[in-house]
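Try each task before reading its solution.

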Amino acid sequence: MVKETNKNLKTVNTEQTEIQLVWLSEQDTQYFAERLAKQLSLLAEPVNLFIELHGDLGSGKTTLVRHLLQAMGVKGRIKSPTYAIVESYDEVRDAAQNALPVWHFDFYRFKDPLEWEEAGFRDIFAGPGIKLVEWPEMAESELPAADIAILIIANSDASRTATVLAESPIGNKSFICTFMKRRSLLQLSAKSGLVLLLAGTRLCVAQVLWQCVFGQRQRTRASR
């Protein structure tokens, strides 16, 4: 059931919207990924979208990416890029059935943000395609601003709290429109009992940690 205490999503400004979700099981994570994949498939060419994934080891970042890639049409085994740093996929198609490149990055092993530049990733991020990045904080000073940022926290009861921030027009278009209507909220919750907490309704651990992550990112970029 949807837990609702405010009829409107909190809008930080015209380009930022934040919501908070509780995934009670991996099935919830999968359903969220499927809805997001559906929105991404509707984006017009050319698509250039950057999604950050924050969270501790074992929080479920790779699980979310795996379900998202599968929902976007990727077949076969989806490997974690922990050691390879990046895995690329060319099976995905956009709304016009044109090839839509997707990259899955994991910067956990970076010891210096400059490794991002040295690896030649700047051209990838500047070009068309979808970039999914785990541990973006390890290259934070070099990365461009994200369109969507997701913070996942593993709770003691095995559920996950996901705080999602759309930070750009394309981020809002590809994600927030999925949840703006009450009908969408009810459809989302009816799938498997997903709980939705509208941002601003209460201060919890997830929000405090997210403020730390997002605040640090803003301060880092302001000092560049």
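## Exercise 1: the strands around β7

β7 and β8 pair in the antiparallel sense over seven bridges. Strands count as paired if DSSP finds at least two bridges between them, and the elements themselves are DSSP runs numbered from the N terminus (helices: H or I, at least four residues; strands: E, at least two). Before going on, note that this is a predicted model, in which local features need pLDDT of at least 70, side-chain atom pairs count only at pLDDT 80 or more, and totals for chains, interfaces and linings use all residues. Residues are numbered from 1 along each chain as its sequence is written, and side-chain values use heavy atoms, with hydrogens and water left out.

**Task.** Find which residue is the bridge partner of I152 in β8, and which residue stands opposite I150.

**Solution.** 
- Step 1. Start on the β8 side: I152 has A162 as its bridge partner.
- Step 2. Look at the hairpin of β7 and β8, where five residues lie between the strands and A158 takes a positive phi near 80°.
- Step 3. Turn to β3, which is joined to β7 by four bridges and runs parallel to β7. Here L53 is the residue opposite I150.
- Step 4. Check the burial, where buried means under 20% relative accessible area, exposed over 50%, and partly exposed in between (1.4 Å probe, protein chains only). Six of the seven residues of β7 are buried, so β7 is largely enclosed by the rest of the structure.

## Exercise 2: both sides of β5

**Task.** Work out which residues of β5 are buried on one side and which on the other, and name the strands that pair with β5.

**Solution.** 
- Step 1. Recall that side chains in a regular strand alternate between the two faces of the sheet.
- Step 2. Sort the strand by face: V102, H104 and D106 lie on one side, W103 and F105 on the other, and all are buried.
- Step 3. Take β4 (residues 86–89), which runs antiparallel to β5 and is joined to β5 by four bridges. Y89 stands opposite V102 there.
- Step 4. Take β6 (residues 129–134), which pairs with β5 in the parallel sense over five bridges. In β6, V133 is the bridge partner of F105.

## Exercise 3: the rings around F105

**Solution.** 
- Step 1. F105 and F121 are edge-to-face, with 5.0 Å centre to centre and 75° between the planes. Since F105 lies in β5 and F121 in helix α4 (residues 121–126), the pair ties together parts that are 16 residues apart in sequence.
- Step 2. Widen the view to one aromatic cluster formed by F50, F105, F107, F110, W116, F121 and F125.

## Exercise 4: the nonpolar cores

**Task.** Which residues touch the most other members of the largest nonpolar core, and which element gives the most to this core?

**Solution.** 
- Step 1. Define the core: a set of buried Ala, Val, Leu, Ile, Met, Phe, Trp, Tyr and Cys residues joined through side-chain atoms within 4.5 Å.
- Step 2. Of the 31 residues in the largest one, I130, L132 and I150 touch the most other members.
- Step 3. Compare the contributing elements: α1 gives the most, with five residues.
- Step 4. List the contacts of I130 (heavy atoms within 4.5 Å): leaving out residues up to four places away in sequence, I130 touches L40, V47, L49, M72, L100, P101, V102 and W103.

Conventions:
Rings of Phe, Tyr and Trp (its six-membered ring) pair if their centres lie within 6.5 Å; planes under 30 degrees apart count as stacked, over 60 as edge-to-face and the rest as tilted.
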